[in-house]
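Student: I am new to this structure. Please show me how to read a few of its features.
Tutor: Gladly. Let us look at it together.

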Amino acid sequence: MFPAIELKAVNKRFGAVHANKDVNLTVERGTIHGIVGENGAGKSTLMSILYGFYEADSGEIRVNGKPISIATPNDAISAGIGMVHQHFMLVEPLSVVENVMLGAEGGFTLRAGEAKVRAELARLAQDYGLEIDLDATVGELSVGLQQRVEILKALYRGADILILDEPTAVLTPAEADALFELLRALKAQGKTIILITHKLREIMAVTDRVSVMRRGEMVASLETKDTSPPELAEQMVGRRVLLHVEKSAREPGAPLLEVEGLSVIDNRGVLRVANASLTVHAGEIVGIAGVAGNGQSELLETLAGMRQQVLGKIRFEGRDIRFEEHNPHAMRKLGVLHVPEDRLRMGLVPAFPAFESAVLGFTDDPRLGPGPLLDHGRMIADLSAKMEAYDVRPPAPRLKSSKFSGGNQQKIVLAREIERNPKVLLVGQPTRGVDIGAIEFIHRRLIALRDAGVGILLVSVELEEIMNLSDRILTMCGGQITGERKAHETDEQDLGLLMAGVTERAA
Amino acid sequence: MDVSVFGGLFDSSLRLSIPLLAACLAGLWSERSGVVDIGLEGKMLVAAFAAAAAAHASGSAWVGLLAGTGAAVAFALIHGFASISQRGNQIVSGVAINMLAVGLTAIVGNAWYGQGGRTPPLEGAARFDEIFLGHSAPVFLTLLAVPVTWFVLGKTRFGLRLRAVGENPAAVDTAGISVTGLRYAAVIICGVLCGLAGTYLSVGQSAGFLPNMTAGKGFIALAALIFAKWRAWPALFTCFLFGVLDAVAIRLQGVSLPGIGEVPVQAIQALPYLLTVILLAGVIGKAIPPRASGSPYVKER
């Protein structure tokens, strides 16, 4: 029997970037095949070629043994390839039915096709347990259900080969487990699945084989049962990496940042944080676990002074923060520094050279130049030193901020905040879109900071990161803090339940 | 006041609302596909000029409609080329089209007819006749465009795709449908409706072209579009409301109101604009435009 997909010597260049170099890949029929690699390793490009989003410069694609050319998504669809994109390709104001029909309407008017879609979706719901309200507006569905719509779209179009790009990035652990169950069920029905992810745990849990990409090349293809996360990580990065950063036990010091009954409303009037209370002590990392969009971001931004609470108190070093000083500038003066979640939107200015991004928020520092003037020479020298200490590559302070990779941008932001000697550091998603190698560095740095007595409040949607770094873990769901655990007294399942809103009393 | 006054008011309101409605529907098609079009005004103006010139030359109002539509579609394609193929800024392109239209119609009109930019007055078959209840064919064509727009957008394959491309073009692209093709189709429909609007102005409502005779109707149509939240039936009601205001404003000129005295003409003429501002500022609630409108589609890597 022919393999479902064979790629031979596929090449793709974007200008000077060689995104895919002579890539070979064989995916056997009826298997779940994982593809791992760091950001920019070329996974998404390769899958976009397979789905007809880009055309390869050279190389051969065979589907079920037949060489075919895939120039548009239509070619891919008719070859039986379906794709679930990381950023869903859904039209939010339209209903589930309309989204599934789009591009496969089955006639000039919608009426005839709609009956067929409903019947087919009812069958899929029965076969795979993919139930969904067909008339719901997609934009009002939860992320997990939106993903289900994406999968239904692909299956409705008759996909035999399903590509999923980072499908669990937005799911709770329970939703992710449900997705894996579904993937296994699809596999049992003879479907072939390609799973792109950077989470090695998922590769180990669900795949049959795994291929590793590094800098545009396919460096390894292994049986999942014969490999291990450390081996995969080494293949991805090209050197040995520590997946778990060691940290010593440490008694927390005095309370630094205390929050009592905090409620926050966003500018649309929606309650984002509801009656949250927490304390961050000196020399302690407090992790906030939760699925994206459950109020963690708003909590962090409020503590950084970027939003005002409607109710509740914030105390710093035992003193109430008054309304007038609850702004980013004053909070920074007090020693509450902030590494924002979205470095491209809030952390730096992508169009600025790095040395300008590296002083944002501190431009009134007299060390940067006399009076209103900024001394570029001094700024550049200052950033050069930091770049060396933080191993930023390339160490080029004049380079545009947007030209650095995600990990290096993050290091520039971290260096800016950490080198200002924070008392409390608020960190949002420190390793989102960051390579494994840089993750290790950033984690070490945060732990060193904690050991030096800084209180750290860490928000991350990566549960592994929270569990690795935190001394204490709070979970958030729907704006409420649903639980608190000591890091060494909990596990993923326990936290997953709390993140899903199963509170202690109900459990 | 007797019945005939109301009847007359209704008729003149309808007449005044027709160019607005056609332009508003034109903008609806364009913007639902994700192409913002502030060049409605310019397209109406070139259509009005081309229609009057062609009607004058041929002596047929229908030839005028064909020419007006052709001119507006040509300008719509310029906008399409700039904003769809070249991924340019849609506002800049629209402004350019408005300026080009004002200048071009005046210069060409003067060169051809030497009457300060006017076309010679149209008579007989060169104007649209009243065919039913005192209204001419473009009125009914425009009114017919309302249910057609509603049906095609809401109930057909083409409409579903067009709505989707205005909200999330990437979703359409991954579904294997051409984003460019859909947006060009929308822009051409927009041109046709602008052509109808402009032709009615110069060959239906008036008897010839006057420089800048659209007088901001294209912009009022955009306001009406927002007010109607980019939907066909509400567009009809909104445009009719603006038509009523216009008609009332005309009737109130020189009339002495009890308790107020004679209202200055300018104040009356400002009424529709004032109402637009007030309505848009708060009465209608939040109007959410198609999400992708205004942004060219670029495949992400």
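Tutor: Start with a cut-off: angles over 145 degrees count as roughly antiparallel. Remember too that this is a predicted model.

Student: How are two packed helices described?
Tutor: By the angle between their axes and the distance between the axes. Take α3 (residues 61-85) and α4 (residues 90-113) of chain B. Their axes come within 9 Å and cross at roughly 150 degrees. Therefore α3(B) and α4(B) are roughly antiparallel to each other.

Student: Which hand does the crossing of α3(B) and α4(B) have?
Tutor: α3(B) passes α4(B) in a right-handed crossing.

Student: How many residues of helix α9 of chain B are buried?
Tutor: Buried means under 20% relative accessible area. In α9(B), residues 217-227, nine of the eleven residues are buried, so the helix is largely enclosed by the rest of the structure. Among them are K217(B), G218(B), I220(B) and F227(B). Just after α9(B) comes K229(B), with a positive phi of about 55 degrees.

Student: Now the surface. Which residues form a nonpolar patch there?
Tutor: F108(A), W150(B), F151(B), W233(B) and F237(B) do. Together they have about 570 Å² of accessible area. In chain B, α5 (137-155) and α10 (232-252) each supply at least two residues of the patch.

Student: Where is F108(A) found?
Tutor: In chain A, in the loop between α3 (96-101) and α4 (110-128).

Student: Is F108(A) buried or exposed?
Tutor: Exposed means over 50% relative accessible area. F108(A) has 51%, so this residue is exposed.

Notes
Residues are numbered from 1 along each chain as its sequence is written. Chains are lettered from A and ligands numbered from 1 in the order in which they are written. This is a predicted model: local features need pLDDT of at least 70, side-chain atom pairs count only at pLDDT 80 or more; totals for chains, interfaces and linings use all residues. Side-chain values use heavy atoms; hydrogens and water are left out. Patches are made of residues with over 30% relative accessible area and no salt bridge: like charges are joined within 9 Å, nonpolar side chains (Val, Leu, Ile, Met, Phe, Trp, Tyr) within 5 Å. Accessible areas come from the Shrake-Rupley method with a 1.4 Å probe; for residues, only the protein chains shown count as cover. A salt bridge is a side-chain nitrogen of Lys or Arg within 4 Å of a carboxyl oxygen of Asp or Glu. Helices (H or I, at least four residues) and strands (E, at least two) are DSSP runs, numbered from the N terminus. Buried means under 20% relative accessible area, exposed over 50%, partly exposed in between (1.4 Å probe, protein chains only). Axes are lines fitted to C-alpha atoms, for helices over the stretch in contact, and angles run from 0 to 180 degrees between N-to-C directions. Angles under 35 degrees count as roughly parallel, over 145 as roughly antiparallel, 65 to 115 as roughly perpendicular and the rest as oblique. A crossing is left-handed if the near helix is turned anticlockwise from the far one by less than a right angle, and right-handed if clockwise.
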